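User: I'm new to this structure and would like to go through it with you. Can you show it to me and take my questions in turn?

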Amino acid sequence: MRAKDNSPQLDSPAGKKSKKRRKDDKISVFSIGAKLVIIISFLVVLSLGSITALVSYLVIQDVRLAAEDNNFEINRRSAVEAEKTFVNIMSHCGILKQVINSTGDQSELTVNVAKTFFYDNPEIAAIAFFDRDSQVYSYLFNDDFFSSRDIDKTLAENWFYYNSFYFERESPQAVIVNVTSYFSIHILGFIFHQDEAAAAVLFSPETLTKSFSFGTNKSYFINGNDNILIHPDFEMVRDNTNITRRDFIRTMRRTAQRNLQTFYTDEDGEVYFGAFAKLNTGGVVVITSIGYDKVFEGIVATTWRNIYLTVSVLFISILFVWFYSKSISIPLKRLAIAAQNRRRCF
């Protein structure tokens, strides 16, 4: 006689319920590791990611303020140094002109004073004075300047001659021009008026150029016509490059403010912090800039290191949780199988 099968049929309600329970038990047992991994991953990413984002944001704000203050201060110092240089040249030339007026340009006193003047101002190459009343020109040359640089002194004489219109113009506004292409070395021409006389000074801005070397901060000069006078890129100086069309220069010329700092994008699409200071002499503007990427490159590198650290911690956490969950899920699986077998017996 066949033994009676008391197990529930699969198509019966009891069988379907038993089958669903076994399926739920199976899903529950094998999902523990995945669930733990998801929970731990969420907590790690949330905690470390939030800390990284918050710290990066706060540091960026602090670094930005420090960079703006530093760039503005460098620009201010550069402008003060440049203004001081021009004022000293004008005052010293005024004293020299008084000596010439008193003793004559060929007197022994004038010669000695001129030697002392050029000794104290070795960057000055030559000076020309024009007396409006007498229509007389007086020339003084720094022989050491020309001999040390192997330049013919007649170049300066010719430059004074061909640019005499600067002396004779009525405007009292000083003019500063770039004459580097004429002399083949970096030389500026500074023309200004004092009383009834006009003076033109040819000088090398080497001292100013060296004082503007501040690492990642770059300072440069433009004159009233937006031509480059001093710039870290000597090709721009040699070519007397005009930068009127640049957006930053247009903004600077439109504003009535004497100094200002702002963001700007150059012709290559790079973003900069830019500060400018308008001098009282010759329409000269001192501009100091630093690349936006240069300011934040350290923060970006640190942020990426934090991201790598987060990924590493997350990976280690997943491995740990996964293997730890095995120690829980395997016994539970065995217990579930035993329980299922026990139910089948009844």
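**Lysine 278 and beyond**

Analyst: Let's start with lysine 278, which touches Met252, Thr255, Gln257, Arg258, Val284 and Val285, leaving aside residues up to four places away in sequence. Contact here means heavy atoms within 4.5 Å. This is a predicted model, where local features need pLDDT of at least 70, side-chain atom pairs count only at pLDDT 80 or more, and totals for chains, interfaces and linings use all residues. Residues are numbered from 1 along each chain as its sequence is written, and side-chain values use heavy atoms, with hydrogens and water left out.

User: Which side chain of opposite charge is nearest to lysine 278, and how far away is it?

Analyst: Lysine 278 sits in strand β10 (residues 271-278); strands (E, at least two residues) and helices (H or I, at least four) are DSSP runs, numbered from the N terminus. Lysine 278 is buried, and buried means under 20% relative accessible area, exposed over 50%, partly exposed in between (1.4 Å probe, protein chains only). For charge, Lys and Arg count as positive and Asp and Glu as negative, while His and the chain ends are not counted. Lysine 278 has no salt bridge, and the nearest side chain of opposite charge is aspartate 226, at 9.4 Å.

User: Which backbone oxygen lies 3.2 Å from a polar atom of the lysine 278 side chain?

Analyst: Lysine 278 has no salt bridge, but a polar atom of its side chain does have a backbone oxygen 3.2 Å away. That oxygen belongs to a residue that lysine 278 also touches: methionine 252.

User: How many salt bridges does a search of the whole structure find?

Analyst: A salt bridge is a side-chain nitrogen of Lys or Arg within 4 Å of a carboxyl oxygen of Asp or Glu. One of them joins aspartate 239 and arginine 238, with the closest N and O atoms 3.4 Å apart. Searching the whole structure gives a total of five.

User: What is the N to O distance between glutamate 73 and arginine 76?

Analyst: Both residues lie in helix α2 (residues 32-103), three residues apart, or about one turn of the helix. Glutamate 73 is partly exposed at 32% relative accessibility, and arginine 76 is partly exposed too, at 41%. Their side chains meet in a salt bridge, N to O, at 2.7 Å.

User: Why does the pair of lysine 153 and aspartate 143 tie parts together, and how many residues apart are those parts in sequence?

Analyst: Lysine 153 and aspartate 143 form a salt bridge, their closest N and O atoms being 3.5 Å apart. Lysine 153 is in the loop between α4 and α5 while aspartate 143 is in helix α4, so the pair ties together parts whose separation in sequence is ten residues.

User: Is aspartate 150 buried or exposed?

Analyst: Aspartate 150 is in the loop between α4 (143-148) and α5 (154-162). Its phi is near 55°, a positive value in a residue other than glycine. With a relative accessibility of 73%, aspartate 150 counts as exposed.

User: What is phi of serine 184 near?

Analyst: Look in the loop between α7 (180-183) and β4 (188-194) to find serine 184. Serine 184 counts as exposed, at 61% relative accessibility. Its phi is positive, in a residue other than glycine, and is near 70°.

User: What is the relative accessible area of tryptophan 304?

Analyst: Tryptophan 304 has its place in helix α11 (residues 292-345). Tryptophan 304 is partly exposed, with a relative accessible area of 46%.

How values were computed:
Polar contact = N/O pair within 3.5 Å; in protein donor to acceptor, adjacent residues only side chain to side chain.
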